[in-house]
Amino acid sequence: MISVEGDNSLATLAFMELAIEQAKLALKSLEVPVGCVIVEDENVIALGRNRTNETRNATRHAEMEATGYLLERWQKGGLSKKEIGMRFSKCHLYVTCEPCIMCAAAISILGIKAVYYGCANDKFGGCGSILSLHSRNTDGSSEMKDCFTCKRGVMASEAVSLFRSFYEQGNPSAPKPHRPVQACAIYSNWWPVLAALMFVMVSMPCLFFGSWSHCILNQPQRNLLFCPTLCYLKFVFAYYLVYLYNLKI
Ligand SMILES: [Zn+2]
């Protein structure tokens, strides 16, 4: 079940404010501005912000950063798997944007108790927008049970305004826009066939009609390969292939 905004306690807002601070740090570093904090017994025990550009690792979302930090710390502290599971089961995670499918799955596996998020993630959201990974059928019945509770819409407008700032300033790591695909779509799959056809079209007049008499009639057939006119046409043909290749075939 996902509860919606309306009864945000002061503590919830305070923790989300810290997550927003993390998102602002991400924005300053030219990252997609998402931040999160993990809280245990009303104490912040981990912070995380999106670092996908900095690390060149698409999995380094804010939630993965914060949970990864805790896992490492607890493992180094000698906690067993069971003890780590028990610690996570007492944790609440506050994140500025709905966890994506990857992060929601990780949160579910780790056993985090509750997630509070700001705006929805309409493209990749794993807590209701695209998939509902917080809810699971555990006993074979049709009843879905929550792996972790979700509360959405906490300071959503602040989270959205950070995204707006980010996209207004431009994402330096965004892939370059593709050239119009429609215009060259036919080349993408059929370029070898087109290339062969062009070669035949170029060669046939020379072979059968001898229209370029200066190189065909006065020279033996075997020299056709070195005929200047043909060489020129082959050059044009090769150039055309390079042109096709540059169209992102
Ligand atoms: Zn994620």
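**Figure 1. Contacts across the whole chain.** Of the contacts in this protein with a separation of 6 or more, 55% join residues 24 or more positions apart, a contact being a pair of C-beta atoms, placed from the backbone, that lie within 7 Å. This is a predicted model, in which local features need pLDDT of at least 70 and side-chain atom pairs count only at pLDDT 80 or more, while totals for chains, interfaces and linings use all residues. Residues are numbered from 1 along each chain as its sequence is written. The secondary structure amounts to 9 helices and 8 strands; helices (H or I, at least four residues) and strands (E, at least two) are DSSP runs numbered from the N terminus. Of the 249 residues, 28% are buried. Here a residue is buried if 20 or more other C-beta atoms lie within 10 Å of its own, exposed if 12 or fewer, and partly exposed in between, with C-beta atoms placed from the backbone.

**Figure 2. Helix H1 and its buried side.** H1 spans residues 10-28, and its 19 residues reach 27 Å from the first C-alpha to the last, close to the 27 Å expected at 1.5 Å a residue; the expected span is 1.5 Å times one less than the number of residues. Look for Phe15, Met16, Ala19, Ile20, Gln22, Ala23, Ala26 and Leu27, the buried residues of this helix. They lie on the same side of H1 because they cover an arc of only 160° around the axis, the arc being that of the directions from the helix axis to the C-beta atoms. Their packing partners are strands S2 (35-40), S3 (43-49), S4 (91-97) and S5 (114-119), together with helices H3 (62-76) and H6 (156-169). On the face turned away from the buried side you will find the exposed residues Leu10, Ala11 and Lys28.

**Figure 3. H1 beside H6.** Two packed helices are described by the angle between their axes and the distance between the axes. For H1 and H6, the axes come within 11 Å and cross at roughly 0°; axes are lines fitted to C-alpha atoms, for helices over the stretch in contact, and angles run from 0 to 180 degrees between N-to-C directions. The two helices are therefore roughly parallel to each other, as angles under 35 degrees count as roughly parallel, over 145 as roughly antiparallel, 65 to 115 as roughly perpendicular and the rest as oblique. From H1, Ile20, Ala23, Lys24 and Leu27 meet Glu158, Ala159, Leu162, Ser165 and Phe166 of H6. By class, this contact has 6 nonpolar, 1 polar and 2 charged residues; Ala, Val, Leu, Ile, Met, Phe, Trp, Tyr, Cys and Pro count as nonpolar, Asp, Glu, Lys and Arg as charged, and the others, Gly among them, as polar. Also in H6 is Gln169, which counts as exposed because it has 10 C-beta neighbours inside 10 Å.

**Figure 4. Two non-glycine residues with positive phi.** Leu30 follows H1 and sits in the loop between H1 and S2. Its phi is near 60°, a positive value in a residue other than glycine. Leu30 is partly exposed, with 15 other C-beta atoms within 10 Å. The second example is Arg56, which has a positive phi of about 50° although it is not a glycine. Arg56 belongs to the loop between helix H2 (52-55) and H3, and with 9 C-beta neighbours inside 10 Å it counts as exposed.

Figure 5. Within H5 (residues 101-110), the buried residues are Cys103, Ala104, Ala106, Ile107, Ser108 and Leu110. Their cover includes H3, helix H4 (81-88), S4 and S5. Just after H5 comes Gly111, with a positive phi of about 85°. Phe88 counts as buried, with 22 C-beta neighbours inside 10 Å. Its C-alpha atom is separated by 8.3 Å from that of Glu40, 48 residues apart along the chain.

**Figure 6. Thr149 in strand S8.** Thr149 belongs to S8 (residues 149-151). It is partly exposed, having 16 other C-beta atoms within 10 Å. Thr149 and His92 are 57 residues apart in sequence, and 9.4 Å apart in space from C-alpha to C-alpha.

Definitions and conventions
Contact = placed C-beta atoms within 7 Å.
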